[in-house]
Amino acid sequence: MHPDISVKHLNKTYGDGFQALKDINLEIESGEIFALLGPNGAGKTTLISIICGIVNLSSGEVRAAGHDIVRDYRQARQSIGLVPQELSTDSFETVWGTVSFSRGLFGKPPSPGHIEKVLRDLSLWDKRDNRIMSLSGGMKRRVMIAKALSHEPQILFLDEPTAGVDVELRRDMWNMVRKLRESGVTIILTTHYIEEAEEMADRIGVIRDGEIILVEEKNRLMSKLGKKELRLQLQEPLEQIPGELALDPVSLSGDGYELIYAFDSQDEKAGVARLLRMLGDIGIEYRDLHTSESSLEDIFVNLVHE
């Protein structure tokens, strides 16, 4: 089976000499949700714009749904739906009119049944006769997604889809994205909301300064790079860490009431049980303990700043 998106040795240099993308190699499989993370200016939007045929590449090869985006640009473009960051649609048009018009732009015959399904799935059906100018920002964002889905694309790009929308609407969109994936649509998501990637993505790519620095399955990434921390709240404060514990990665809180043990959750030699036994042997009593694990946000921040 061919990947839905295949990018090989992609480079993009603008007229002023700025190289926005540097030898990008990436494959995205059919039916997966792929999250592309990176700080502002890292090259996320440029990469998406090239795949979608909005920006010309400088060198390399890109295929969408098996079609070369340069030689077979019509077929490639018909397979893609794009929800851009910026809200741009005809303010005087109705919801039904603008979504139906978008379908026609891709040479698709009219399909009122499909348009109705898309609007219902996005909770826009009762707004179908409203002019775009009368809608809230969140509803306009839903219209942009409806337009991207109007021609039944195989691949859907969501470029910061929940920017500026409230938490409830964000959750609704997450559910909608999952349903699309279940129907076989491949979804590529760029986001500043790390919890969005953590909640939905199958795989995660991190781009920095125009280069892909990591592509990994989300769970594997978190298990490989995530760290766990055990905190023990002591009955009595300590002035310093006892010598018996000096060889372990143990630290002491400023007030002396908490011992902190950092360990790799995947390391079979992580000595939590041994540490607790040693505390008992040397007579240090604790009244509570809890563990915490690195979030995807912690991992992302560490990667970007390394």
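Q: What stands opposite Val83 in β7?
A: Val83 stands opposite Leu158 in β7. The model is predicted, with local features needing pLDDT of at least 70 and side-chain atom pairs counting only at pLDDT 80 or more, while totals for chains, interfaces and linings use all residues. Residues are numbered from 1 along each chain as its sequence is written, and side-chain values use heavy atoms, without hydrogens or water.

Q: What makes β6 and β7 a pair?
A: Two strands pair if DSSP finds at least two bridges between them; strands are DSSP runs (E, at least two residues) and helices likewise (H or I, at least four), numbered from the N terminus. β6 and β7 (residues 155–159) share four bridges in the parallel sense, so they pair under that definition.

Q: Why are the buried residues of α6 said to line one face of the helix?
A: Buried means under 20% relative accessible area and exposed over 50%, with partly exposed in between (1.4 Å probe, protein chains only). In α6, Leu169, Arg170, Met173, Trp174, Met176, Val177 and Leu180 are buried. Seen down the axis of α6, they fall within an arc of 165°, so they line one face; the arc is that of the directions from the helix axis to the C-beta atoms. On the other side, Val167, Glu168, Lys179 and Glu182 are exposed.

Q: What do the buried residues of α6 pack against?
A: They pack against β3, α5 (137–149), β7, β8 and α7 (194–200), where contact means heavy atoms within 4.5 Å.
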